[in-house]
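Reader: I have just opened this one and would like a careful walk through it. Could you take my questions as they come?

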Amino acid sequence: MSTTDLIDGMAVVTAYYEDRITEAETEVEAARAALAAAESRDAHTEERSRLRAAVAAAPMVDSVGELRALLEQLPDEMPLSLDDHHRALPGEPDQVHTIHPRLVATVSGLATEAERTQPGLMLTQVYVPFPAEDEEQAAVATRDDLPAYGELPRAAYHLERGDLRAGLKDVAEVLEEVAHLVGEVAADYTEHDEDGAQLRVEAKRITHSAERVGKLADEVEEVAE
């Protein structure tokens, strides 16, 4: 074997082992990345469990001190929002106001490469039964299916779920309120009598619509589930 052949053979062996070493280093880096990702997921899971526990421990807050005690357990950068509606359990004659904190999913960096979902805190104004034990009030405050307190959003809540009778009764109440605003409140501020008279005519028409809708609410047949 010539010297040239020996050198060529050593080069082949060297290249082979260099490739194997490169592959091994790549595998090690991939394993490290996978381990780091798994640790990150575990940390996020643990953090979210901690956040859920902290918020769940305060189903109702009725003072600045109670709210401060909750916020001190949450990250400063956590998104904060307010529910669009007051909420209440229908049919309760006597209720008292409270604030219910709830964890919700929020999206940051929407439609960008940095888009991600993270937990946020939403505060909802809720009416709960009164008088009642704290546990009973908390059970109402934490319900996910509480409809909005006002007639119009409550009507939308019922109708969008196919509960026609309850929804149409709320619609009838909304129309009656509109009739009052048009025929009594607005009409009293018109400069010309004929304008006020016309508004009162329109109010009567709205009242008749309210009566017809209220009648339909008692007669309508809902789609069977």
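Reader: How many helices and strands are there in the chain?
Author: The chain has 6 helices and 4 strands, where helices (H or I, at least four residues) and strands (E, at least two) are DSSP runs numbered from the N terminus. Along the sequence they follow the pattern α-α-β-β-β-β-α-α-α-α. This is a predicted model, in which local features need pLDDT of at least 70 and side-chain atom pairs count only at pLDDT 80 or more, while totals for chains, interfaces and linings use all residues. Residues are numbered from 1 along each chain as its sequence is written, and side-chain values use heavy atoms, with hydrogens and water left out.

Reader: And what share of the residues counts as buried?
Author: Of the 225 residues of the chain, 23% count as buried, which means under 20% relative accessible area, with exposed being over 50% and partly exposed in between (1.4 Å probe, protein chains only).

Reader: Switching to charges, how many salt bridges does a search of the whole structure find?
Author: The search finds 8 salt bridges, each being a side-chain nitrogen of Lys or Arg within 4 Å of a carboxyl oxygen of Asp or Glu. One of them joins Arg154 and Asp170, at 3.0 Å from N to O, and this pair links distant parts of the chain, with Arg154 in helix α4 (residues 151-159) and Asp170 in helix α5, 16 residues apart.

Reader: Are those two buried or exposed?
Author: Arg154 counts as buried because its relative accessibility is 16%, and Asp170 counts as buried because its value is 6%.

Reader: Which residue forms a salt bridge with Arg50?
Author: That is Glu47, with the closest N and O atoms 2.9 Å apart.

Reader: What about the second largest pocket, and how much space lies in it?
Author: About 190 Å³ lies there, and the pocket is lined by 14 residues, of which Asp83, Arg87, Arg102, Asp144 and Leu146 lie nearest its centre. β3 (95-108) and β4 each give two or more residues to this lining, and β4 gives the most, with 3 residues.

Reader: Last topic: which residues make the nonpolar surface patch?
Author: Leu181, Val185 and Tyr189 make a patch of about 340 Å²; patch residues have over 30% relative accessible area and no salt bridge, and nonpolar side chains are joined within 5 Å. Val185 is found in helix α5 (residues 164-186), and it counts as partly exposed because its relative accessibility is 35%.

Terms used. Patches are made of residues with over 30% relative accessible area and no salt bridge: like charges are joined within 9 Å, nonpolar side chains (Val, Leu, Ile, Met, Phe, Trp, Tyr) within 5 Å. Accessible areas come from the Shrake-Rupley method with a 1.4 Å probe; for residues, only the protein chains shown count as cover. On a 1 Å grid over the protein atoms alone, a cavity is a set of points where a 1.4 Å probe fits but cannot get out, and a pocket is an open set with protein on both sides within 12 Å along at least five of seven lines; lining residues have an atom within 4 Å of a point. Grid points are joined across faces, edges and corners, and a volume is the space filled by probe spheres set on the points.
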